[in-house]
Amino acid sequence: MVYFHQYDYVFALGIIGAFLDAFGNGANDVANSFATSVSSRSLTLFQACCLAVICEFLGAVLVGSRVAGVIRRQILKVDLFREDPAVLMLGMACALLGSSTFVILATRYRFPVSSTHSIIGALAGVGVATGDGGQVMWGWTGLSQIFASWGIAPIIGGGFSIVIYLITKYAILVRPNSTIVAVWSIPIYFFITIGILTMTILWNGAPRLHLSNLSVGATATGILVTASVAALWAAAFMVPYVYARAVQGDYTVRWYHLSFGPLLWWRQAPSDASPSTADVAVPDYYRGHRSRTSDIAMVDPANPEAAHSRQEKFSQEKSACGSDVGILHRHPSAGGDAGSEKTLSLGLKIFKLICKTPLGGPFVDVLEMQIKGGNKEQARIDRMHARAAQYDNKTEFAYSFIQVLTACTMSFAHGSNDIANSVGPVATLYFIWSTGELSLSSEIPVWILAFCAASLCVGLWTYGYNIMRVLGNRITLHSPSRGFAMELGSAITVLIASRLALPVSTTQILCGSTVAVGLASGAKAINWRMVLWIVFGWVITAPLAGLFAGIPYAIIIYAPRLGMPS
């Protein structure tokens with residue numbers, strides 16, 4: 001039975017605000033998170049969107065309610081509203097609408113901001129508008145701790161990422177036999193990454209799975225067993241697949257051959273396949289970040305056939321992807337006959353039609369957009385990329401699969417933490433509307449978590465490309481080996497913050513990780529102008545979102561009313 005039927009419209013506005021806020025979170029924050037994977041060419045934008053739908057949803061539903069409780073309880077002092085809880089309903093609706101308006105406007109103008117800053121600033125704006133600011137919890141148990149985490153978290157994330165990257169660089173990337181070492185290290189990285197993800201689910205308790213009462217021994221056993229199974233799977237399936245393409249140079253191996261697992265060790269490769277053809281069998285992860293001549297020159301000079309093959313495929317890719325739509329990159333190892341060319345042409349036509357609708361977001365070529373700009377800007381980006389080392393593509397191929405795993409971990413971590421931005425206020429609004437009481441300790445309904453997670457995925461799917469186009473390679477050169485270090489360091493930091501129930505900004509942490517990894521190539525390998533632009537956005541987000549929410553809230557609650565004395 002609904003208690004406040006007379007305020008159904010306020011609840012409806014809150015639901016709309018929650019959808020828009022989660023939509024903006026997906027279009028801005030999640031897009032920022034996946035810009036690393038897309039910029040490294042480990043994932044296409046379409047693949048990133050599909051993985052985000054799964055991982056963000058699971059992170060939000062399984063672990064998301066922990067941080068959402070902080071948004072509900074540690075921003076505003078709610079005692080003032082106990083006599084009139086409907087006013088808090090209005091405040092939460094205004095906070096959601098104000099926060100979402102700012103984030104969506106920022107996304108429209110390609111301004112990467114933090115949705116966490118936005119909603120917390122909006123709630124603080126509502127608190128200030130309620131009185132003299134005394135309704136805001138400014139102390140260490142409230143906003144002060146959150147503000148401190150915003151400054152510390154990017155440094156911690158950067159620290160984790162640069163340590164991971166430097167260990168990888170000097171242990172594997174710069175070695176003469178880097179490809180072999182990278183291939184056989186895949187199970188180790190799977191063990192570490194899956195172990196961290198499992199630890200997060202068990203450590204945070206996963207309220208929906210009722211795992212909070214597990215003993216230390218049971219938790220440790222669960223982590224080790226899950227991570228070991230993942231490592232064994234990687235050794236049985238991933239290692240032979242990557243070995244066949246990156247070491248043996250078998251250009252006929254396709255993605256579905258991954259299911260063959262150990263049988264790939266006995267699969268007969270073509271007679272002309274050899275380590276010298278491996279450059280053709282794997283994607284070129286640095287394509288677009290050097291001149292066309294150097295793209296072709298990467299192939300072993302002793303193998304002119306491979307060079308000719310790469311030159312031919314370069315022309316095919318350019319003609320296939322040269323449209324203004326910028327979709328459907330041809331794989332460097334893709335063969336072709338008349339039938340497949342017709343199929344590709346038909347597929348391109350269908351995709352062009354889809355791209356004219358909101359569903360076309362995942363098929364936009366953000367990599368092409370990242371390297372476009374005026375002559376001066378392009379020259380500056382080229383100089384920045386030239387200062388970063390470019391490692392063997394065959395070695396990077398091994399790390400591309402590891403980065404897919406870290407991207408999923410990062411997405412799960414984002415869902416577990418940042419979904420609270422929308423869930424916290426709308427859950428408070430829902431409980432007041434349905435019960436008439438301030439119930440800040442009640443368990444958040446699954447439908448609210450699922451609704452906000454779905455809205456977040458819609459934002460990424462339809463509009464995420466607009467933020468990705470100004471990030472990634474525009475900050476520093478990205479590659480799978482760098483990207484996996486950025487994402488793994490960021491994921492560790494976000495998951496720790498979720499354990500501590502701190503609503504940190506994933507945008508900030510990933511930016512800190514990106515800058516830290518870029519610094520390994522020198523300070524001039526980073527686009528400091530873009531970094532300062534992002535930091536400027538962090539600074540102004542909370543105050544502006546506070547104004548967007550606080551001003552309409554104050555106008556409504558302090559407006560003169562007919563029949564009431566002034």
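**Cores, surface and contacts**

Phe-34 is in contact with Leu-43, Ala-48, Ala-52, Ala-407, Ser-411 and Met-468, leaving aside its neighbours within four places in sequence; here contact means heavy atoms within 4.5 Å. The model is a predicted one, in which local features need a pLDDT of at least 70 and side-chain atom pairs count only at pLDDT 80 or more, while totals for chains, interfaces and linings use all residues. Residues are numbered from 1 along each chain as its sequence is written, and side-chain values use heavy atoms, with hydrogens and water left out.

The protein chain as a whole contains 21 helices and zero strands. Both are DSSP runs numbered from the N terminus, a helix (H or I) having at least four residues and a strand (E) at least two. Of the 566 residues of the chain, 58% count as buried. Buried means under 20% relative accessible area, exposed means over 50%, and partly exposed lies in between, with a 1.4 Å probe and protein chains only. Among contacts with a separation of 6 or more, 82% join residues 24 or more positions apart. The chain exposes about 23,100 Å², and carbon and sulfur atoms supply 67% of this area; accessible areas come from the Shrake-Rupley method with a 1.4 Å probe, and for residues only the protein chains shown count as cover.

Which residues touch the most other members of the largest nonpolar core? They are Phe-34, Leu-88, Cys-452, Met-468 and Tyr-553, within a core of 82 residues. Helix α1, residues 8–39, gives the most to this core, with 12 residues. A second, separate core has 51 residues, including Ile-164, Ile-172, Leu-173 and Leu-502. A nonpolar core is a set of buried Ala, Val, Leu, Ile, Met, Phe, Trp, Tyr and Cys residues joined through side-chain atoms within 4.5 Å. In soluble globular proteins, nonpolar side chains tend to be buried together.

Ala-35 is also found in helix α1, and it counts as buried because its relative accessibility is 2%. Not counting residues up to four places away in sequence, Ala-35 touches Met-468, Leu-471 and Gly-472. Ala-35 and Leu-45 are 10 residues apart in sequence, and their C-alpha atoms are 8.6 Å apart in space. Another pair shows how distance along the chain and distance in space can be read together. Ile-54 and Ala-454 are 400 residues apart in sequence and 9.8 Å apart from C-alpha to C-alpha. Ile-54 lies in helix α2, residues 45–63, and counts as partly exposed because its relative accessible area is 49%.

Ser-115 belongs to helix α5, residues 115–130, and is buried, since its relative accessibility is 0%. The side chain of Ser-115 makes a polar contact of 3.3 Å with the side chain of Asn-25. A polar contact is a pair of N or O atoms within 3.5 Å; within protein, one must be able to donate a hydrogen and the other to accept it, and residues adjacent in sequence count only if both atoms are side-chain atoms. With residues up to four places away in sequence not counted, Ser-115 touches Asn-25, Asp-29, Ser-99, Val-103, Asp-418 and Asn-421. Thr-514, in helix α20 (residues 506–519), is likewise buried, as its relative accessible area is 4%. Its side chain reaches the backbone oxygen of Leu-510 at 2.8 Å.

How many salt bridges does a search of the whole structure find? There are two, a salt bridge being a side-chain nitrogen of Lys or Arg within 4 Å of a carboxyl oxygen of Asp or Glu. In one, Asp-250 pairs with Arg-267, the closest N and O atoms being 2.8 Å apart. Both residues lie in the loop between α8 (216–246) and α9 (278–281), so the pair ties together parts that are 17 residues apart in sequence. Asp-250 is buried because its relative accessibility is 2%, whereas Arg-267, at 27%, is partly exposed. In the other, the side chains of Asp-392 and Lys-394 meet at 3.1 Å, N to O. Asp-392 is partly exposed at 29% relative accessibility, and Lys-394 is buried at 14%.

Ile-555 is found in helix α21 and counts as exposed because its relative accessibility is 56%.
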